[in-house]
Amino acid sequence: MGHDDRILDGITVLDLSTFVTGGFCSAMLANQGAEVIKIEQPGYGDAIRHSGPPFIDGESPYYWTVNYGKRSLELDLKNPRAVETLYELAADADIFIQNFRPGTAERLDVDYESIAERNEDIIYLAVSAFGQTGPWRERSGYDLLIQGMSGIMSVTGEPDRQPVKVGLPMTDLITAMWAAFGVTTALYRRELTGEGEYIDLGMLESALPWLTKQAGQVFAGNKPRRMATKDPVLAPYQTFETKDGYLNICILNEKLWWELCEVLDRPDLAEHEHFETNADRVEHIEELETEIEATLAEKTTDEWIEIIAEEGGVPAGPVYDVEEALDNPQIDARDAVTEIDHPELGSVPVIEHPLKFEHAESGFDLPPPLLGEHNRTVLRELGYSDAELDELEAVGVFGTESDADD
């Protein structure tokens, strides 16, 4: 696959972020052809490199999942010469990403004003927990905190039990997707106006638009509650127990409800006064669950999938574990999980991104980089000679031996 076929070919991204928010954003951009230069702390790198166990030959596979397609450059931003090198890179870049706590970029002289002084066309993205303004702006924050403060945990879990966080770093990923959307729309605006842009993105605000139906309940004067897998406005729309496992059934309208009753051979449910409409079923959801599970207990999950989904055409599916989710006939047919050559490990798995364009290519050309793997390559492309690179190394631009030991 060549860069010429990808939508963001020719776009250069400097990513100073750590962990998931900025990292997944820049991975999305790399997947569409952008050149992403990952600026890392010398000797230690992005903290996500050290998230584990598990580790594979010293590398965190969690790190891989948000860093495909990038190149790694160590820069000690406390070293003035390293900051000058960053400025040189920024002068030719299109997008600049950082997720420092508000005030840190200013102390390091890598804030928007400092970067825009060298490149007025830059798209500068500042990601933080609570945004650059407001009474909580200086607080640090991570996914767990934001899941709690955004209302997500209040509606996740079982009734009358402890709130539960979503098992994924959900608000990190939500924020990352807003970030990718923000910088690409800013790039489009730059095409129209010729102007660069500064984007202030807070994780807490990023999560709120995703509340949707729960926010709708609040707007209507209701209090959303934890309902396990049940849905507050649709029924049946939940997980049910079968003879040997679990099954999800999703009924969004009356036609599907009648079809479900038919394939379950339960015409009595369709005629029951408590289940006649969706509103009736939501009101009597516990009674409905008891009736459906009594029938589902008669067969295995696979048998019901064949009856309900394959033969009946009603939306239903198994509850896979993660290994099954990554390896099944549908995922295999779509090449959603592949492999890429790694400089030390031979090959590593890649979860491909899902956009499949008719008239453009996408995908990762590079594996997740080793720390500092491209120190010299990136700056050599900027015009540095080997002698100049030796000098930068000598003055600690790439860190010192003590950095590597820390």
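**Ground rules.** I'm working with a predicted model, where local features need pLDDT of at least 70, side-chain atom pairs count only at pLDDT 80 or more, and totals for chains, interfaces and linings use all residues. Residues are numbered from 1 along each chain as its sequence is written, and side-chain values use heavy atoms, with hydrogens and water left out.

**Salt bridges.** I looked up the total and got 23 salt bridges (a side-chain nitrogen of Lys or Arg within 4 Å of a carboxyl oxygen of Asp or Glu). I picked out Arg-6 and Asp-365, whose side chains meet at 3.0 Å, N to O. Arg-6 sits in the segment before strand 1 (12–15) and Asp-365 in the loop between strand 11 and helix 17 (375–381), so this pair ties together parts 359 residues apart in sequence.

Is Arg-6 buried or exposed? Arg-6 is buried, at 4% relative accessible area, while Asp-365 is partly exposed at 32%. My cut-offs: buried is under 20% relative accessible area, exposed is over 50%, and partly exposed is in between (1.4 Å probe, protein chains only).

Next I checked Glu-289 and Lys-230, which form a salt bridge at 3.3 Å, N to O. Glu-289 is in helix 13 (residues 285–296) and Lys-230 in the loop between helix 9 (213–219) and strand 7, so the pair ties together parts 59 residues apart in sequence. Both of these residues are buried. I also noted a salt-bridge network linking Glu-35, Arg-71 and Glu-381.

**Surface patch.** Which residues make the nonpolar surface patch of about 420 Å²? I found Met-177, Trp-178, Phe-181 and Trp-210. Patch residues have over 30% relative accessible area and no salt bridge; like charges are joined within 9 Å, nonpolar side chains (Val, Leu, Ile, Met, Phe, Trp, Tyr) within 5 Å. Areas come from the Shrake-Rupley method with a 1.4 Å probe, and for residues only the protein chains shown count as cover. Trp-178 lies in helix 7 (residues 170–193) and is partly exposed, at 33% relative accessibility.

Terms used
Helices (H or I, at least four residues) and strands (E, at least two) are DSSP runs, numbered from the N terminus.
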